[in-house]
Amino acid sequence: MSWLVWFLIGAALVFFMQGGFAMVEGGLTRAKNAGNIIMKNLMDFCIGTVVFLLLGFSLMMGEHNGFIGKPSLDVFTQFTDSGVMSNFVFNLVFCATAATIVSGAMAERTKFSAYCIYSGVISLLIYPIEAGWVWNSDGWLASKSYIDFAGSSAIHMVGGVTAFIGAMLLGPRLGKYAVDAETGKKVPKAITGHSIPLAALGCFILWFGWYGFNGAAAGNESSLALIFANTTIAPGVATCVTMIFTWIKNGKPDVSMSLNGALAGLVAITAPCANVDPFGALIIGIVAGILVVVAVEFIDQVLKVDDPVGAVAVHGVNGIWGTLAVGLFANPNVVDAFGDGVATTGVAGLFYGGGFGQLGIQILGVVAILVWVIVTMTIVFTVIKKTNGLRVTAEEEIIGLDIPEHGLPSAYGGFMFAPEAVDYTVSELAEYGGAAAGGAIPKDAAVTVDNKAHKDAKITKVTIITNPQKYSHLATALDGIGITGITVTNVHGYGMQKGNATYYRGVKVETKLLPKVQIDIVICKVPTETLVKTVQDALYTGKIGDGKIFISDVENVIKVRTGETGYDALQDEE
């Protein structure tokens, strides 16, 4: 009775990790997509529940031929059997984890409908079949003594590799990569998340839940205590190593990367948590802490695959590392997690006198699962891309997915965020179905710099009110005609239409104040007509909400530092 209670408590802890994944992904991405991210992390579990209940569970844990389980309705017919019921709940929450990992790498540009489809397929077929190889007693990998105690390969590697395939086929977010003017090479641009505290909260929730993730299946106190210790040591060490590594490498300790370091250590210790001693956990953590940084940068800078949260490096790369670590660091003297609390496992890794035997089995399992996931998920993503479509339009991506996908003006109610400072190229917008407004300005439209003082030159203030999502296009256009100084302010307002109707919990939202951005420019050298035309070209879509331009005369300008006035005060040259 007591073991079953702990088993189910452990399952509840794993379920709570869904909240952690949502917080990490939400914090490391932009505020305009926060509602969409919450919705995805909610629905991958709920959709997963339906399909795992109907088919996935039996494919994984039912009567097995070594490759796949026999479909059955045991959950519906054996509801009085505590073993069947607890086994279903336990495996369901693990299944949901594999599906939700994919969300982060494909965040901010994936159609919600596409996410629902591939998340359902993962929980229905992809995960149950390969997890059955590992954890069904009749699975072909289980029969070869393949060890993945809590899922470094069966869950995290599967989620990470699926995330890589999806992100690669989906393409990067707009503005993520740009051609360097000096080298002519494509280089990554930083698109920062909107809330490091939110991501940190998610990391702590995940770490807390991981004690259930790794420890729930422990059948005795001795093994459970060791698993808890290893689940603390590996991520703790990994985080320290990541912090020190980024500190030395970049001159400052990287906050978001250190959060990734903690998660990398947790992923890496998941497979060997019941088979290694604390020293082995320490070494596993050290490698994970370095590996996550190297992998994040390699994927981003060399492979040019856009992964906003580092899911591929954390779960995919360190899932592989943790699984292989069993074959290196398994200590034959640790207590068997499924035994009486006294008997030991007898499984020895390479560095504990076991030779290459267990390591070879681990390599075989990793390769087999990789092949299965790569082949099946490439087919799934390709079919979705050709039929339903994977990616939202460029316009929807720029606005943020909360509005076009869910009719949610903001996930943060009355709060506003600074306009997004990401440049989108004309080719990107054309590739992903957006208008080419705000592109490069022709050379003949640029203003020639004249540094001669003009005592009587006219000074004009131009104020532009437009939608926040149009700011990046406008800023690029203004730079193209030689505008070197602007003031940007977040404001609220409305016109005659008062915005499109939206609904909250089924009730129409009476919008009174809509988020706007106000750009103030004071010009003297640049002709007013040139500026106005540039703004119109950058903002025009032909739809309500393009914005307005206000023009007014300025009596004088005084530069505080030098005392210069008029035209001279507006010049940047020393």
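Trainee: What share of the contacts between residues at least 6 apart in sequence join residues at least 24 apart in this protein?

Mentor: In this predicted model, 77% of the contacts between residues at least 6 apart in sequence join residues at least 24 apart. The chain is built from 18 helices and eight strands, and buried residues make up 51% of its 574 residues.

Trainee: Why is Thr270 called buried?

Mentor: Buried means under 20% relative accessible area, and Thr270 has a relative accessible area of 0%, so the residue is called buried. Thr270 is found in helix α9, which spans residues 255-270, and, leaving aside residues up to four places away in sequence, Thr270 touches Phe149, Ala150, Gly151, Ser152, His156, Trp210, Phe213 and Asn214.

Trainee: What makes the pairing of the Thr270 and Trp210 side chains a polar contact?

Mentor: A polar contact needs a pair of N or O atoms within 3.5 Å, one able to donate a hydrogen and the other to accept it; the side chains of Thr270 and Trp210 make such a contact at 2.9 Å.

Trainee: Why does Cys116 count as buried, and why does Cys273?

Mentor: The cut-off is under 20% relative accessible area; Cys116 stands at 18% and therefore counts as buried, while Cys273, at 0%, counts as buried by the same rule.

Trainee: How many disulfides does the protein have?

Mentor: A disulfide requires a pair of cysteine sulfur atoms within 2.5 Å, and by this rule the count comes to zero.

Trainee: Which residues have the most contacts inside the largest nonpolar core?

Mentor: That core has 105 residues, and those with the most contacts inside it are Tyr118, Tyr127 and Ile369. Helix α4, residues 82-105, gives the largest share of this core, with 12 residues. Apart from this core lies another, of 17 residues, among them Ile464, Ile481, Val517 and Ile523. In soluble globular proteins, nonpolar side chains tend to be buried together.

Trainee: Which residues does Tyr127 touch, not counting residues up to four places away in sequence?

Mentor: Tyr127 touches Met60, Asn91, Phe94, Cys95, Ala98, Ile122, Trp135, Ala154 and Ile155.

Trainee: What is the average pLDDT of the protein, and where is the pLDDT below 50?

Mentor: The protein averages a pLDDT of 89, and 89% of the residues score at least 70. Over residues 436-453, however, the pLDDT is below 50, although this stretch has 35 contacts in the model beyond near neighbours in sequence. Where pLDDT is low, the predicted coordinates should not be read in detail.

How values were computed:
Residues numbered from 1 in each chain as written. Predicted model: local features only at pLDDT ≥ 70, side-chain atom pairs only at ≥ 80, totals over all residues. Heavy atoms only, no water. Buried < 20%, exposed > 50% of the residue type's maximum accessible area, 1.4 Å probe, protein only. Core = buried A, V, L, I, M, F, W, Y, C linked by side-chain atoms within 4.5 Å. Helix = DSSP H or I, 4+ residues; strand = E, 2+ residues; numbered from the N terminus. Contact = heavy atoms within 4.5 Å. pLDDT = per-residue confidence, 0-100.
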